[in-house]
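Take a look at the fold below.

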Amino acid sequence: MRLVLGKILALLLVAGFAGAAHAQQFLGNNNDSGLLEFSTGMVDITQDDEAAEFRLDYRFQHAMFGVARPIAGLMVTSDKAAHGYGGIAMDVLWGDHFVSSIYTSVGAYHQGDGEDLGHWIEFRSGLELGFRFDSRERLSLGIAHISNASIGDENPGTEILSLTYAIPIDAIFN
């Protein structure tokens, strides 16, 4: 699974850089809209106890210092685990259509029937690579890691592979 994931991410990265004929730009403020993001994927992809992930995120339009956009989200799994979080993301447009995002967040975690991640406070960090359509909608493949940064007695962490569809808020209300 890791080998396949690595190949997919490497292919997306190469395609993104190959399409970057124009200078890259950070998205936010006046050159992008706030985004409502719908994601689905698999939790615990490096283990045998995989579960389905369903996630709803809001990525604010206004970027702090012209670079970092606030985000807020909620993840639930098929094992009844839940993670509500807030943080920051940096979105970079490479050329006309390829976009990469890196984000970090912190929030409250409820184990449900899912994996015990060692604490109720959990940090989520991730990387997404995707395609931005002319309508500013996005389709991205991402990988994320959730862990408690060793504030708990145990810190097993988990990896998540997800597919995200993002809709500009402007498009919803116009």
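Begin at Phe 98, which is partly exposed, with a relative accessible area of 26%. Keep in mind that this is a predicted model. Phe 131 is partly exposed as well, at 29%.

A search of the whole structure finds 3 aromatic pairs. In one of them, the rings of Tyr 58 and Phe 60 have centres 4.6 Å apart. Their planes meet at 75°, so this pair is edge-to-face. Tyr 58 counts as partly exposed, at 28% relative accessibility. Phe 60 is also partly exposed, with a relative accessible area of 35%.

Phe 98 and Phe 131 form an edge-to-face pair too. Here the centres are 5.8 Å apart, with 85° between the planes. This pair links distant parts of the chain. Phe 98 sits in strand 6 (residues 98–110) and Phe 131 in strand 7 (residues 121–132), 33 residues apart.

Now step back to the whole chain. The protein chain has 2 helices and 9 strands. From the N terminus on, the order is α-β-β-β-β-β-β-β-β-β-α. Of its 174 residues, 41% are buried. Among contacts between residues at least 6 apart in sequence, 57% join residues at least 24 apart. The accessible surface comes to about 9,000 Å², and carbon and sulfur atoms account for 64% of that.

Next, the strand pairing. Leu 35, for example, has Arg 59 in strand 3 as its bridge partner. Strand 2 also runs antiparallel to strand 9 (residues 158–168), again with 9 bridges. There, Ser 39 is bridged to Thr 164.

Finish in strand 3 (residues 51–59), at Glu 53. Is Glu 53 buried or exposed? Its relative accessible area is 0%, so Glu 53 is buried. The Glu 53 side chain makes a polar contact with the side chain of Arg 55, at 3.2 Å. Beyond its neighbours up to four places away in sequence, Glu 53 touches several residues, including Ser 39, Thr 40, Gly 41, Met 42 and Val 43. Met 75, Val 76, Thr 77 and Arg 124 are also among them, as are Ile 160 and Ser 162.

Notes
Residues numbered from 1 in each chain as written. Predicted model: local features only at pLDDT ≥ 70, side-chain atom pairs only at ≥ 80, totals over all residues. Heavy atoms only, no water. Helix = DSSP H or I, 4+ residues; strand = E, 2+ residues; numbered from the N terminus. Buried < 20%, exposed > 50% of the residue type's maximum accessible area, 1.4 Å probe, protein only. Contact = heavy atoms within 4.5 Å. Areas by Shrake-Rupley, 256 points an atom, 1.4 Å probe, with all protein chains shown as cover. Polar contact = N/O pair within 3.5 Å; in protein donor to acceptor, adjacent residues only side chain to side chain. Pairing = 2+ DSSP bridges. Phe/Tyr/Trp six-rings, centres within 6.5 Å; stacked < 30°, edge-to-face > 60°.
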